[in-house]
Amino acid sequence: MGQPSAEKPGISRPWPKITLTLLLLLLPLLASAYRVRGVSAEKDDAGQEVSGKSHHHGPFHSHGSVLQKMRAMQRLKAVEWEMRLEPLEDLLEAYKERHNACVNSKTLPGKYLVVRFEDKDAGIGNQLPSVVSGLLLALMMDRCLFVEFPFFNKFFDHELDFSWKHHAKRLLAHGHNATAPENVPDRIPFGYVTIADVWMFKNMTAYFEPHYGVEMWKDLDWSAALLVNNPHHKDFIDTYFPTRDIFAPLAAFILKIKPKYDKKIKDFKHKNFRLFNIGMQIRRRKCNGDENELLCELRPTIESYCTVARHIQLTHGIHDNDVRFFLAADEPETYTQVMNILGADRVIYTDNGIAPTSSEKGVINSADNPGTLESALQDMALMSQCNDLVMTVASSFGYVAAAWGGYAPVHMVYGRHKYSQNPYFWRAVSSEPCYWQAKNMMRELDARAVNQFRSNPVWMQYTQCHNDWNLEEEST
Ligand SMILES: *[C@@H]1O[C@H](CO)[C@@H](O)[C@H](O)[C@H]1NC(C)=O
Ligand SMILES: *[C@@H]1O[C@H](CO)[C@@H](O)[C@H](O)[C@H]1NC(C)=O
C-alpha cells in the first residue's frame, strides 16, 4: 500500500451555501437527537460531532453524502445507547438509593459485595471488567457494591462512594469488624468447575443470602459471560440487558474518570480527533510467554493492521483530511511503521508513543505492560471514544476499550493465514468483552456445563481470546 493521500483525491471546494443553511437549520434538531437521558449524558461527546462545532478544524474534505452518513451514524449511536440504558434507568436509580442508605445508615447498613484484588499481575483491561461484574452482581443480588482496587480508587470518581476502605471503617463504627474471622465475607468460589457451577447454575442471590458480606476476589475476567446462561437469572438479563450489551451500559454508569485525568483526554481529543477516528491497538509483546499462548512468529503483520484500518476508512468514504488513526502500541518501532504506511500526519498518539514506565506511588503497574497506569487509562479511554477499532486479538486492553465505547471491534488474528479458515481478521458481533478463561474452562467442564455455556448465542465471541491460537493452525 502506497501513500494513501495519492490514492483518493478529495473534493476540496467549499460547501455550497444551501448546504450550510440547511445544516444550520438542522443543528437544533440534531442536538436534541444526540441528547440521551440520564447516565448516558457524558457519552454525547463520544464521537467528533459533525456540526458547526468542528469548524476550528477547517472545512471537511469528505463528500456531502459522507457527512450525511456520519450524522446519521451519530444519531444511530445515540439511539443504540438509549436502547441499552433505558431498561436500566429505574434499576440504577434504585441502586443509588440503596447505596446512599448503605453509606449513611445510622445502624448496621444493608448487605454488601466487595470487589478486591491483591495481585500485581493484572492491567486495567482485567481490572475494569472485574469492577463492572461487581456492579452487575450488586444490582442482581440487591447488595451495595464496594471496590478495593488501588487503580480504580485513584483514577475514578463517582457521586457514590465506592471505596471499600471507607466502608470498612463505617462498618467498624457500627461494631462490625469485617476482617474478624466470624465476619469475613464469603468468597465467590474459584476454579473453573466451581466458577461455572455458581455463575451458570445457582441462584446466586439465594446462594449468598446467608452471608452479610460477599467478596469477589481476583475475579479478573468478564464473568457476566457465564451469568447470561443462568436460568435463575434469565429474567433479570432479559429485562435489563435485552440487547445483551452488559458491559457498555454498566461501564457508562460506574467508570467516571476523575476530572483531573479526564481533562487531558478531552484536550487530546479536541486537538487531534477529526470527523472519523479509527483506533489501532497493536500489541507486539506478550508472545512466547507460555506454550498455550501466542507465538511471536505468528503475529499479524503491521501492514495487515494498516490494510484493515485503511479499508474501514474507504468503506465510509472518508477523505484523508477527515480521518485520524489513533495508535496505541507497545513497541516504539510500531509507531514509525504505521506512520510510514498510513501517513505521518494522519496517525495520532499520546505521550510521543510510549510513556516512560514509572512506578506510581501506591499504584501497581502490572507485568510487562508499557507506560504508566495513567497513560494506559488515557489510551484506553481515547480508543473507547474512537469510531472503530482494529485491535490485537486476545488483548483485554483492546476489547475492553471497545466494550467501554459500546461498539464491536475488529480483532487481528495470529497465524500463518494460508487457509481461508485462518483469516487475519474478524469482527465481533457485539461490544461485549471476551471471557479470557473460556477455552481452559470449557476443557474442564462436563458436557452439561459446556452445553449450558453454548446455549448463549454470543458464546463464540466470548471464547475468542486466550489460548489455543496455535494448535489448530499447526494441525491443519
Ligand atoms: C478486627 O479483626 C482483626 C482480626 O481478628 C483484628 O486483627 C483487628 O485488630 C480487629 N480490628 C479492630 C479495630 O478491632
Ligand atoms: C432466587 O433467589 C431469590 C432470593 O432467595 C428469590 O427471591 C428469587 O425468586 C429466586 N429466583 C429464582 C428464579 O428462583
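Me: How many bridges join strand 5 to strand 6?
Reply: This is a predicted model, in which local features need pLDDT of at least 70 and side-chain atom pairs count only at pLDDT 80 or more, while totals for chains, interfaces and linings use all residues. Residues are numbered from 1 along each chain as its sequence is written, and chains are lettered from A and ligands numbered from 1 in the order in which they are written. Strands (DSSP runs of E, at least two residues) and helices (H or I, at least four) are numbered from the N terminus, and two strands pair if DSSP finds at least two bridges between them. Strand 5 (residues 276–282) runs parallel to strand 6 (residues 323–329), and the number of bridges joining them is seven.

Me: Which residue of strand 8 stands opposite Gly 279?
Reply: Strand 5 also pairs with strand 8 (residues 388–392), again in the parallel sense, over four bridges. While Gln 281 has Ala 328 of strand 6 as its bridge partner, the residue of strand 8 that stands opposite Gly 279 is Leu 389.

Me: Within what arc do the buried residues of helix 8 fall?
Reply: Helix 8 (residues 192–201) has Ile 195, Ala 196, Trp 199 and Met 200 as its buried residues. Seen down the helix axis, with directions taken from that axis to the C-beta atoms, these residues line one face of helix 8, because they fall within an arc of 95°.

Me: Which charged residue belongs to the shell around ligand 2?
Reply: A residue is near a ligand if its C-beta atom, placed from the backbone, lies within 6 Å of it, and Asn 203, Thr 205, Ala 206, Glu 209 and His 232 surround ligand 2. This shell divides into one nonpolar, three polar and one charged residue. Asp, Glu, Lys and Arg count as charged, and the shell includes Glu 209.

Me: What is the mean pLDDT of the protein?
Reply: pLDDT is the predictor's confidence in each residue, from 0 to 100, and 80% of the residues of the protein reach 70 or more. The mean pLDDT of the protein is 85.

Technical notes:
A residue is buried if 20 or more other C-beta atoms lie within 10 Å of its own, exposed if 12 or fewer, and partly exposed in between; C-beta atoms are placed from the backbone.
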